[in-house]
Amino acid sequence: MLTFQCPYCGVQADETELHAGGEAHLTRHGPGSSDKDFEAYLFMRQNPKGVHFERWRHVNGCGKWFHAARCTMTLEVFGAYPAQTTEPPKRILDVITSKRPGWTWRELS
Amino acid sequence: MSDPVLPLGGAQYEGLVDVREAGPQGMIALRGDLADERLQEAVTQLTGLPMPGVRGAQVMGESGVLWMSPDELLVLVPYRQAPRARAQLAEALQGQHALVENVSDMRAMFRLRGTQLRDVLAKLAPVDFARDAMPAGELRRTRFAQVAAGVWLVDDTTAQVFCFRSVADYMFKLLCAAADPDAFVGFHAG
C-alpha cells in the first residue's frame with residue numbers, strides 16, 4: 001500500500017485517501033508556443049521503472065495538491081513536498097541519491 | 001425562520017457504541033489566512049475558544065473551531081446563532097481575502113459513544129485510531145468506506161463524526177453495521 005505524509009496537514013495518508021494527479025513539474029506551453037512544445041506538454045510523459053515524481057491530491061482530507069517522489073517498482077516513498085515549487089527540494093534529491101545511486105529522471109539526477 | 005430539519009430526523013442505534021444523529025449544529029465555513037491576527041481575533045472572540053493548531057478541534061458544547069486545512073476553519077456555533085455569527089465574522093474580515101459562509105445545513109453530524117469506539121471507527125477509515133496516534137481533540141478528515149468524512153474524539157469514549165448531508169443515510173447505516181453487537185473486535189480496548 002502506498003502511504004504519503006501530506007506536507008500540509010501532516011497525516012499519513014494512504015492511497016485510498018488520495019487522488020493521483022499525474023507527472024509532476026510539467027511546464028505549461030499554451031497559445032503562442034511551438035507545436036512541438038505544445039505536443040510535449042500535452043502528451044509526452046515519463047513512464048519510468050524506478051524513481052518518479054508525481055502530483056497527488058489529498059482529496060479525502062485537507063484537499064491540497066502536493067508533490068511526491070517514489071519508486072514505481074517497489075512503491076518506496078522518498079518523500080512528499082508542497083506544490084508551490086517548480087523543482088524538487090534538495091532534501092528529497094539527497095534521499096533518492098542515497099537510496100538509488102545513479103538515478104535519473106528527465107534532466108534531474 | 002423555518003424549523004431546521006435533520007437529515008435523518010434524529011436517527012439512533014445502540015450496538016457496540018451508541019450512534020446518534022446530532023444537531024442541528026450551526027456551522028460556518030471560513031477560508032482565509034489562518035495566521036492573520038484579525039482573523040484569529042474574530043474567531044476566538046466569536047467562539048470564546050483558542051485557535052486550534054494543525055488538525056486541532058477546539059470544541060466546547062455547541063461552540064467550536066475545527067482546523068480543516070491550512071487555509072480553512074469550520075466554526076461551530078449554536079444553530080440559531082449561525083446567521084448572526086456569519087455576519088459578525090464577515091464584518092470583522094471585511095477588506096480581507098477571506099470567505100465566510102453559513103453551511104449549517106450542508107453536513108450531517110453523528111455522535112458515537114461507547115467503550116468500543118476506536119474499534120468501530122477503525123473498521124471504516126484508513127486511519128490509525130490507536131490512543132497515541134489519534135488523541136482526543138485531534139480532527140481527522142478522511143473517508144469512511146466510500147464517502148468523505150471528518151471525525152474527532154471528544155474523549156476516550158465519545159467521538160463526533162460529520163459528513164455531507166447527501167450521504168447522511170449511507171453514513172448512518174455504515175456506522176450501524178460497524179457497531180453491530182455481533183461484530184465485536186476488542187483490539188483497541190483496554
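**Entry 1. The sheet in chain B**

I began with chain B of this predicted model, where 5 strands form an open sheet in the order β4-β5-β6-β3-β7, with antiparallel pairing. Strands are DSSP runs of E with at least two residues, helices are runs of H or I with at least four, and both are numbered from the N terminus. I took two strands as paired if DSSP finds at least two bridges between them. At the edges I found β4 (57-60) and β7 (99-102) of chain B, each with a single partner strand, so one side of each has no neighbour in the sheet. From one strand to the next, the twist averages 20 degrees.

I then looked up one pair in detail: β3 (residues 25-31) and β6 (residues 72-78) of chain B run antiparallel and are joined by 7 bridges. In this pairing B:Arg31 stands opposite B:Glu72 of β6(B).

Conventions noted: residues are numbered from 1 along each chain as its sequence is written, while chains are lettered from A and ligands numbered from 1 in the order in which they are written. Local features need pLDDT of at least 70 and side-chain atom pairs count only at pLDDT 80 or more, whereas totals for chains, interfaces and linings use all residues; side-chain values use heavy atoms, with hydrogens and water left out.

Which strands does helix α1 of chain B touch? I find that α1 (residues 37-47) packs on the sheet and touches β3, β5 (63-69) and β6 of chain B. Contact here means heavy atoms within 4.5 Å. The direction of α1 makes about 25 degrees with that of β6(B). Axes are lines fitted to C-alpha atoms, for helices over the stretch in contact, and angles between N-to-C directions run from 0 to 180 degrees.

**Entry 2. Domains of chain B**

I recorded domain 1 of chain B as 12-23 + 106-182 and domain 2 as 25-102; such bounds come from an automatic or database domain assignment. Taken over C-alpha atoms, the centres of the two domains are 23 Å apart. Between them, 9 residues of domain 1 are in contact with 13 residues of domain 2.

**Entry 3. Backbone exceptions in chain B**

Most residues other than glycine have a negative phi, and most peptide bonds are trans. I checked the exceptions.

- B:Gly23 and B:Pro24 are joined by a cis peptide bond with omega of about 5 degrees, and B:Pro24 sits in the loop between β2 (18-22) and β3 of chain B.
- B:Arg55 has a positive phi, near 60 degrees, and lies in the loop between α1 and β4 of chain B.
- B:Ala145 has a positive phi of about 50 degrees and lies in the loop between β9 (139-144) and β10 (147-155) of chain B.

**Entry 4. Chain A as a whole**

I counted 2 helices and 6 strands in chain A, following the pattern β-β-β-α-β-β-β-α along the sequence. The C-alpha trace of chain A spans about 40 × 35 × 20 Å along its principal axes. Buried residues make up 38% of the 109 residues in chain A.

Methods:
Buried < 20%, exposed > 50% of the residue type's maximum accessible area, 1.4 Å probe, protein only.
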